[in-house]
Amino acid sequence: MMPDLLLHLGYGLYLGISLAMTIWVATTLSRNGEVFLIQCFGQDTTLARSTNHLLVVGFYLINIGFIALRLDGWDMDKAIVSLVPYVGSKIGLSVLVLGGMHFFNMLLISRYGRTVAGWARGQQAGHGAMPPPLPPQGQ
């Protein structure tokens, strides 16, 4: 009974800490990232806010999915012998992977933000390249 209880305690700690950290990071990135996005998108506030919201939704989906996947394959023997370091290593790997993903996103936004803003303004003005029409559907 005791090994199962410790393993379930580990799951609870992992989920609680990981989900709380996900909410805190998403809130912080959203609040502070909007200024960065507005600058990257050439002062286009509407595009920056929309992109900010989409990034937050994507962050939640990827992060919660990754957290859920990390619940699989726990080594009961390692978890029982040293629960705190074991749970910490699970959380640590999640944080490193998601931090790397965040910096990759920031690199892409800083590099291509003004290009996207120019394209979006062109679309709104009707001057942008329109996508090709869809072929007729079989009747």
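A residue is called buried when its relative accessible area is under 20%, exposed when it is over 50%, and partly exposed in between, using a 1.4 Å probe and protein chains only. The model is predicted, so local features need pLDDT of at least 70 and side-chain atom pairs count only at pLDDT 80 or more, while totals for chains, interfaces and linings use all residues. Residues are numbered from 1 along each chain as its sequence is written, and side-chain values use heavy atoms, with hydrogens and water left out.

**Exercise 1. Helix α2**

Solution. Helices are DSSP runs (H or I, at least four residues), numbered from the N terminus, as are strands (E, at least two).

**Exercise 2. Residue S18**

Task: Decide whether S18 is buried or exposed, and find what its side chain reaches.

Solution. Begin with the location of S18, which is in helix α1. S18 counts as buried because its relative accessibility is 2%. Its side chain reaches the backbone oxygen of Y14 at 2.8 Å. Setting aside residues up to four places away in sequence, S18 touches I67 and I91, where contact means heavy atoms within 4.5 Å.

**Exercise 3. The largest pocket**

Task: Describe the space in the largest pocket and the residues that line it.

Solution. A pocket is an open set of points on a 1 Å grid over the protein atoms alone, where a 1.4 Å probe fits, with protein on both sides within 12 Å along at least five of seven lines; lining residues have an atom within 4 Å of a point. The volume is the space filled by probe spheres set on the points, and for the largest pocket this is about 290 Å³. Its lining has 19 residues, of which L29, L55, H102, N105 and M106 lie nearest the centre. Helices α1 (2-40), α2 (45-69) and α4 (83-125) each supply at least two lining residues, and α1 gives the most, with eight.

Key:
Polar contact = N/O pair within 3.5 Å; in protein donor to acceptor, adjacent residues only side chain to side chain.
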